[in-house]
Amino acid sequence: MIASNIEKDMRYLQLLSNTFPTVASAATEIINLSAILNLPKSTEHFLADIHGEHQAFQHILKNASGNIKRKVNEIFGNTIRESETRELCTLIYYPEQKLEIVKSKENNMRDWYHITLHQLVAVLREVCSKYTRSKVQKSLPEEYSYIIQELLHERTDDLDKADYVNGIIDTIISTQRADDFIIAICNVIQRLSIDQLHILGDIYDRGPGAHIIMDTLKNYHSWDIQWGNHDILWMGASAGNDACICHVIRICLRYANLTTLEEGYGINLVPLATFAMEHYNDDECRGFEPIILNENDEIDDKQRRLVTMMHKAISIIQFKIEGALFAKYPNWHMQDRNIISTVNLERNTCIVDGTEYEMHNSQFPTGITLTEEERMLMSRLHHSFQVSEKLQKHIRAILSHGCMYAIYNGNLLFHASVPLNEDGTLKKVEMIPGQFYSGKDLMHNIGMLVRSAFQQDTDENMRQYAKDYFLYLWCGPDSPLFDKSKMTTFERYFIADKKTHKEEKGNYFKLRDNENVIDGIMDAFGLTGPNRHIINGHVPVHVTSGENPIKANGKLMVIDGGFSEAYHSETGIAGYTLVYHSRGFQLVQHEPFTSAEHAVLTGSDIKSTTQIIEMSNRRMLVADTDKGEALRQRIDELQKLLYAYRHGYIKERDIKK
């Protein structure tokens, strides 16, 4: 069988022989890869809907959704007190800050260093157990790599090596390197506790630190993202879609949260403030007052008034600009969303779905069509987004690490939905005029269209359509990132009648508890096997109303992170994260996070409840994963190379020459 394929594969095998030029090198690699197949499956971490809450996000990364504490409990059990467990975990999460507190209170630091270093090495040894020595070595800081490796592979319970190990630790302490060494070990524990981080969308909006989250991710060892609707909005703004720019600014003003815009990305809002003060100073701007999520973020009356005027000014401009796009693209079927064009300023009414409604807020100081001054303002805002180097870098990172969906180890990941017909079959959506796609093809082609908006070599007309399409992805009825009948922003601002505020959810959200429907989606995306799942976020789980995040008989998991304080009152929790390790899935339900400072001072963690979703009857190995399949393919290729060497198809090379 191998012989029949050798000649067909000769070109590839010749290239492979450059990496493995001898029988010995190829055989050694086969041995190494075969051994890796028998290691435990590494841990995956799933987060969604972070919404700018950088402190909670960073804490959950540090504690791996409780995974580190679980390992500490497994290692030490009842041999240390709960308070000591808490202190050790806090040290692992925040080593620099915790060390300062310990040194201010501890009377015998030498004794503390000895006990703590032995404990940390034990924890590190446990988290390293899933990886090859080579991978662990690459994760270690260069200056301490040799010492850490020695401590990992020697034990004090080996009487012959006890003095050796204790001697190393004594020397670390006596040379005053203990603090740096502890910090290094804690960082490696954090690094190796999670092998792959999956972000299921919505890094942006509401909270103050989306830019900080992106800085964290840029330095994270391995992550991917399935774009969310709020990410797409910021991607559209960075690509130059003026309607998206308006939406981004409007949402920031709505929550009086300008930190990411101004401090994070240097977006200049002075022109908007000047414009608002000039044109909206005499307008009460009722309904545009900012929503303050955190009592610590309270603003004074003068600031509140300015934010309110800016909020209304950018909203009016938004309705004008997006209305023009709805009219421009009839294939979007959103002409009826150009509500501002139906406003009758004399009657104080507008038309929604063919019905005339009275508006409780009917002041339009700049009219209902875009003025030249508004065009000039948008030109300045547009420029500010385009020249923000940090924003452009962050969006490039999102592009390079993500797409609309991903498949990992039998799990289909996406942010919100897959458009469906009423009977649960995949819905064909007209993405480009005259071109219809559904399911996997729809997701793939949307991803390609999004990327084309940032590629200079794309046809100019297609590139412009791609830029404009960001608005549809944000609020279009058949967008996989929105999937509602309409976005009733205009109605909520201007019409008192609440029946106009209703946004009917798409069929995916109506049918997602139906096991047959979920099976059909997974079939369409090519998932096979008994342990396949869909994992997504987007819609907060209303725990207080009895809603369960596990749907379709365990085949769908909804893990909207609920990090944003905007959701806490309606959901009753701070959302979910998901951990998938070698023994199965664990869903972690979180309570709201206070602050990193509070966690360090009190040793408190995010209060979490772990729910076991699905446990394997045996420990899963690398062989059971996508990586395992790739390794088996590599082993097959190397077996062919060995055959080629041994039967004279390819000659070995003397690597010493």
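Q: How do you know that the span of helix α19 agrees with its 15 residues?
A: This model is predicted, so let's check its geometry. Helix α19 covers residues 372–386, and at 1.5 Å a residue it should span 21 Å. The C-alpha atoms at its ends are 21 Å apart, which agrees.

Q: What makes the buried residues of α19 line one face of the helix?
A: Start with the buried residues themselves: E374, L377, M378, L381, S384 and F385. Looking down the axis of α19, you find them within an arc of 115 degrees, so they line one face. The face turned away from that buried side carries the exposed residues E372, M376 and R380.

Q: What covers the buried residues of α19?
A: Several helices do, including α14, α15, α18 and α20.

Q: Why is the pair R634 and E637 called a salt bridge?
A: The cut-off is 4 Å between a side-chain nitrogen of Lys or Arg and a carboxyl oxygen of Asp or Glu. For R634 and E637, the closest N and O atoms are 3.8 Å apart, so the pair counts as a salt bridge. Both residues lie in helix α28, three residues apart, about one turn of the helix.

Q: Why is R177 called partly exposed?
A: Partly exposed lies between the buried limit, under 20%, and the exposed limit, over 50%. R177 has a relative accessible area of 32%, so it is partly exposed. Its salt-bridge partner, D180, also counts as partly exposed, at 35%.

Q: Which residues are linked in a network of salt bridges?
A: Here you can look for E515, D519, D523, R532 and K555.

Notes
Residues numbered from 1 in each chain as written. Predicted model: local features only at pLDDT ≥ 70, side-chain atom pairs only at ≥ 80, totals over all residues. Heavy atoms only, no water. Helix = DSSP H or I, 4+ residues; strand = E, 2+ residues; numbered from the N terminus. Expected span 1.5 Å × (residues − 1). Buried < 20%, exposed > 50% of the residue type's maximum accessible area, 1.4 Å probe, protein only. Arc of directions from axis to C-beta. Contact = heavy atoms within 4.5 Å.
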